[in-house]
Amino acid sequence: MKLQIRRDLSVLVALLAMSINVTAADKVTWSYTANDAGVTITGYTDLQGATATHIEIPQTIEEKNVIAIGASAFKNKSQLKSVVLPASLVTIGSEAFSGC
């Protein structure tokens, strides 16, 4: 478990360290769950056929803060090179960026 968390964090750090030159705000549709606490991103659909290499997770959806990225939310999105995370983010689920 600790090894997996370290590996996921290493992938996340690597993704964040890459240069960001484009966002995909209008190129993806977010999958998510929402409750009183906020929104959890569970995945996304690339509207341009798996070409989004840079995405920016929004600060809010449905006027609620995005507070989590769910387990395996971006798993095996091998084309994904960088992700901008919102300041409201509190939790990143296991294997959220595995295979990126």
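Predicted model: local features only at pLDDT ≥ 70, side-chain atom pairs only at ≥ 80, totals over all residues.
Strand β2 covers residues 38-46, and on one side of the story it runs antiparallel to strand β1, residues 28-35, with eight bridges joining the two. Together β1 and β2 make a hairpin, in which two residues lie between the strands, and as one example of the pairing, threonine 29 has threonine 45 in β2 as its bridge partner.

Strand β2 is also joined to strand β5, residues 64-69, but here the strands run parallel and the number of bridges is three. Within this pairing, isoleucine 41 stands opposite isoleucine 69 of β5.

Let me now turn to the aromatic rings, where the count comes to three pairs. One of them is formed by tyrosine 44 and phenylalanine 74, whose ring centres are 5.6 Å apart and whose planes meet at 45°, so this pair is classed as tilted. Because tyrosine 44 lies in β2 while phenylalanine 74 lies in the loop between β5 and β6, the pair ties together parts that are 30 residues apart in sequence. Are these two residues buried or exposed? Both tyrosine 44 and phenylalanine 74 are buried.

Tyrosine 44 and phenylalanine 74 also belong to one aromatic cluster, together with Trp30 and Phe97.

Terms used
Residues numbered from 1 in each chain as written. Heavy atoms only, no water. Pairing = 2+ DSSP bridges. Helix = DSSP H or I, 4+ residues; strand = E, 2+ residues; numbered from the N terminus. Phe/Tyr/Trp six-rings, centres within 6.5 Å; stacked < 30°, edge-to-face > 60°. Buried < 20%, exposed > 50% of the residue type's maximum accessible area, 1.4 Å probe, protein only.
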